Structure formats: structure tokens, C-alpha cells
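Welcome to a short tour of the structure shown just below. Please keep it in view while you read, and look up each part as it comes along.

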Amino acid sequence: MTVVAEVVRGPWPGSVEFGARGEVTVAGVSLVEIAARFGTPSYVIDEADVRRRCREYKAALPGAEIAYAAKAFLCRAMASWMRAERMSIDVCSAGELAVARSVGFPAERIIFHGNAKTPRELTAAVNEGVGRIVVDNLAEISRLAALVPAGRRQKVLVRVIPDVGAGAHAALRTGGEDQQFGLSIATGAAGEAVARVLDQPSLELTGLHCHLGSQIRAPEPYETAVRVMVEQTARVRERHGVLLPELDLGGGHGIAYLPGEHGLDVAEFGRRIDRALRERCAARGLPVPRLIVEPGRAISGPAGVTLYRVISVKRGLTRTYVAVDGGMSDNPRHSLYGAPYEVRLVGRASNAGTRPVHVVGHHCEAGDVLAEDAPLPADVHPGDVIVMAATGAYHHSMASTYNLTGRPPVVAVGEGGARLVVRREGAEDLMRRDVGL
Ligand SMILES: Cc1ncc(COP(=O)(O)O)c(C=O)c1O
Ligand SMILES: N[C@@H](CCCC[NH3+])C(=O)O
């Protein structure tokens, strides 16, 4: 296939190719063929691209533990790719834990999160033997300690609020005071949690954790967080004489959603965090703790695309609406955060020129918009297939069945071609939970 122009890959998987006649392939597999074989809408994920991103993290942060944040996208295939790449996984529910364990993902490389873990979740985490549980409130400390069988110690991290605000949208900023995640240093809750954990013989405190927010594209907020977290680690030693061997900086690493944008530069992030950590630890006379990072979006986001079929094109007074066979049920991100997206026509060339359109879904809400002012060919028409970039994170995992629409399948592409890894949800699946009259 002729690649028409040097593609500025931006939000697309590394293997994407755009041909002169409108063909688009990912990992060498034609997206039109995927649409024909698996139907639309469909999520497509490039396995090699996901795995390459894991290796990029390992190369950028030698010696660090890289825990993929499963909330971004998890299915059994993804969990087994993470196992094969020797990644760790961060989970935040019994469901994510069960999926990871179902493919034999090693429990000791699982980090269990949650600001309101239920007793059932805590029990599952302890029984499975997860590597670390991240304490996120005072109430769960004694509850957790009581669940640990005699003769065992459960490793825990304490999630503190570093009071560093970062993230692409208010709903994605979780590192500042006055939100529901983590324990405040300012109110004394973080210090209290540390003391209570150290008081429990069945718990072993291995370090502090923080998570600033999501879709952060610059390293500076993380450098600030390193300063705060090293200071807190030093205070634990001063107050309790305990040297914490780990420091978890969470995730939140941003990606490009539009052409010309850039994500967090992982290599630069690695260099700067390493330097900041060494400097701060030297200043406080601490040995450098083992770093843990928890990228989700940056591992799976750019590796995924979504295919839709155009159902109708309506010209309004001022705008054109291109309605597709999916919508906020498979991608709630535009309606939740106003997130921008890049879309392209697939499978035919057009010389009609482009014009900005609103790509909308098929749900009964005016807010069911997928992309605003997206440039598509002026002759886009029903039956066309379009592809949306950077949908590998927080799409499948946030999908709903609104309007009793079944969720799309996930198709993995790689050297062996395309294969279904999650099947399409049908009316029978939806009715299986409905026990009837
Ligand atoms: C504790 C924790 N770790 C990691 C992540 C992963 O975030 P991201 O997908 O933005 O890297 C999140 C979500 O923001 C989180 O809450
Ligand atoms: N769901 C968000 C990210 C939340 C990150 C989880 N703490 C998104 O789609 O961007």
C-alpha cells in the first residue's frame, strides 16, 4: 500500500498506515475488513503497540516497577499481554482482580486500590495474596488487618494527598485537597494512617502512594510530587524510625488525542524523576526508594481505535451532524470531559474537500456527541466507515449499555491478523441478568 504522506502519528497506533485510496490499516490489517468481519462499532487494539509501550516504560525507568492501571482497559488478553511483558497491574475492584487472576497473573505483582473498598473486595485481595493493598481511608486499616491470616503479613502502601493539582479536566484531578481520594497531610489523616498501619502486626508498610490526576502531559507536577513524597517518607523515618523501601507516584501520563499534540515524553519523565528522587533523597539522607509508576492511558490509549458506520447525515441550520451506530455508550469521554477526538473516513478516497462536522451517536440525548467540528470529507454519507483515534483507554472500560445497546467487541490485531478477544454484547446477554416477572 502506498503511504500518502509522512504521517504525524500523534494519536494513532504506531503501525497505522493511510493509503492513497482511503485504505487504513493497523498492524497491517485493513480496518474495512475488520468492519465487514466483526461489524460496527468495534474497538480495535494493536497488541504489539501495547507491548512496545510497556517496554518503553521499562527502558525509561530502569529498576522501577511499572504497574499497568487496569481501569484504562482490561480483558483477559490484555492481562496476559501484561503478564508476558512482566508488568505489574494496578486493580481497583474485585472484578479487575478476578480478570487478572483468571489468566494466572501473579498475585504478588498486583496492587489493589480503592477509596471505598468493600469488605468483600478486601477479603478477595487478601485471599488472592495481592502484592500490595493501597490504604485510602482510616476505617479500612483495622478491617484489613483483621482479615490477614495468622502467620502472614500483608504489604500496604498509604495513599496521601500531595496537594499537587494536575490533570486535563476537573474530574480528572485527584492530587489536590478536598476530593475523595487519599489521606490529607494537612489535616493529619495521612500521619494517622501511617501510625495505625505501623501499629498492626499483620500489616507491613512498604511505602507511600500518590496519584495526581489523569492526562498530564508535562513532567513538572511529578517533580513537585517527588519533593512532597520524599519529605513525607523522611518524616515517617523521623517519627517512627521506619525506612520505607518504596515510593508509588501513581499514573496519569497523558497522550495525544489530536494530530500535532504530544503526550508525556516517557524518556524525559524517567530522567527527570530519577534526578529529582536522587536529589531529594540525598538532601534528606534517605536511601532512594524503589519507584512504582501506574500508567494506564499511556499504555493502551494510543494503541486502540474505534470503527463506526455512518447511519445518517443531517445538515442543520449551522452544522452538519454525522450520526454513527455507536455513541456515548461506547465512548462517554466527550460528554463527560469535553474530550477532543480525531476521526477519519476509511475505505474510500474522496476529493470533495473536508468540512467540520459534529460526529454524534445514536442515543436519546443531545449530549451524545463523539467529536465536535471534526474535519471529514464533504461527501461523507450513510454506509461510510469512520475510525476514531486514541480509544484504547477508558472506552471499553467505561462503556455502558444505555438504551440497552450491547457493548462493542474488542478485536486484537497483530502479526496473525485480526482476532476477537471480547465478543459483541447482544440482547441475550443483556436479558441474562433480567430475571423476569
Ligand atoms: C491510583 C491510580 N493509578 C493509576 C491511574 C491511571 O491513570 P492514567 O490512566 O491516567 O495513567 C489512576 C487513574 O487516574 C489512578 O486512580
Ligand atoms: N476515566 C478518565 C480517567 C480517570 C482516571 C482514573 N483515575 C478518562 O477517561 O480520561
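## Before we start

A residue is called buried here if 20 or more other C-beta atoms lie within 10 Å of its own, exposed if 12 or fewer do, and partly exposed in between, with C-beta atoms placed from the backbone. Helices (H or I, at least four residues) and strands (E, at least two) are DSSP runs numbered from the N terminus.

This is a predicted model, in which local features need pLDDT of at least 70 and side-chain atom pairs count only at pLDDT 80 or more, while totals for chains, interfaces and linings use all residues. Residues are numbered from 1 along each chain as its sequence is written, and chains are lettered from A and ligands numbered from 1 in the order in which they are written.

Let us begin with helix α6, residues 139-147, where Glu140, Ile141 and Leu144 are buried. These residues cover an arc of only 110° around the axis, which puts them on the same side of α6; the arc is that of the directions from the helix axis to the C-beta atoms. Turn to the other side of α6 and you will find Ala139 and Ala146, which are exposed.

What do the buried residues of α6 pack against? Their partners are α5 (119-128), β8 (132-135), β9 (154-161), α7 (189-198) and β11 (203-209). Two residues are in contact if their C-beta atoms, placed from the backbone, lie within 7 Å.

With 17 C-beta neighbours inside 10 Å, Leu198 counts as partly exposed. Leaving aside neighbours within four places in sequence, Leu198 is in contact with Leu205, His240 and Val242. Leu198 and Val242 are 44 residues apart along the chain, and their C-alpha atoms are separated by 9.0 Å.

## Two domains

The domain assignment divides the chain into domain 1 (17-39 + 303-432) and domain 2 (47-299); such bounds come from an automatic or database domain assignment. The C-alpha centres of the two domains lie 33 Å apart. Where they touch, 19 residues of domain 1 meet 21 residues of domain 2.

On the side of domain 1 that touches domain 2, the elements giving two or more residues are α11 (333-337), β20 (410-414) and β21 (417-422). The largest share, 3 residues, comes from β20. By class, this side of domain 1 has 14 nonpolar, 4 polar and 1 charged residues. Ala, Val, Leu, Ile, Met, Phe, Trp, Tyr, Cys and Pro count as nonpolar, Asp, Glu, Lys and Arg as charged, and the others, Gly among them, as polar.

## Around the ligands

A residue is near a molecule if its C-beta atom, placed from the backbone, lies within 6 Å of it. Of the 16 residues around ligand 1, Ala69, Ser214, Gly251, Gly296 and Arg297 come nearest. The shell of ligand 1 has 5 nonpolar, 8 polar and 3 charged residues.

Which residues are around ligand 2? They are Lys71, Leu172, Ser214, Gln215, Arg333, Tyr394 and Met398, a shell of 3 nonpolar, 2 polar and 2 charged residues. Domain 1 and domain 2 both give residues to this shell, so ligand 2 lies between them.

## Residues with annotations

An unreviewed UniProt entry lists Lys71 for "modified residue: N6-(pyridoxal phosphate)lysine"; annotations of this kind may be inferred rather than shown by experiment, and their positions follow the numbering used here, with shortened feature names. Look for Lys71 in the loop between β5 (65-69) and α3 (76-84). With 21 C-beta neighbours inside 10 Å, Lys71 counts as buried. Apart from neighbours within four places in sequence, Lys71 is in contact with Cys92, Gly296 and Ser397.

In the unreviewed entry, the UniProt annotation "binding site" covers Gly252, Glu294, Pro295, Gly296, Arg297 and Tyr394. Arg297 is in helix α10 (residues 297-300) and counts as buried, with 25 C-beta neighbours inside 10 Å. Tyr394 sits in the loop between β19 and β20 and is also buried, with 24 other C-beta atoms within 10 Å. Not counting residues up to four places away in sequence, Tyr394 is in contact with Ala72, Arg297 and Arg333.
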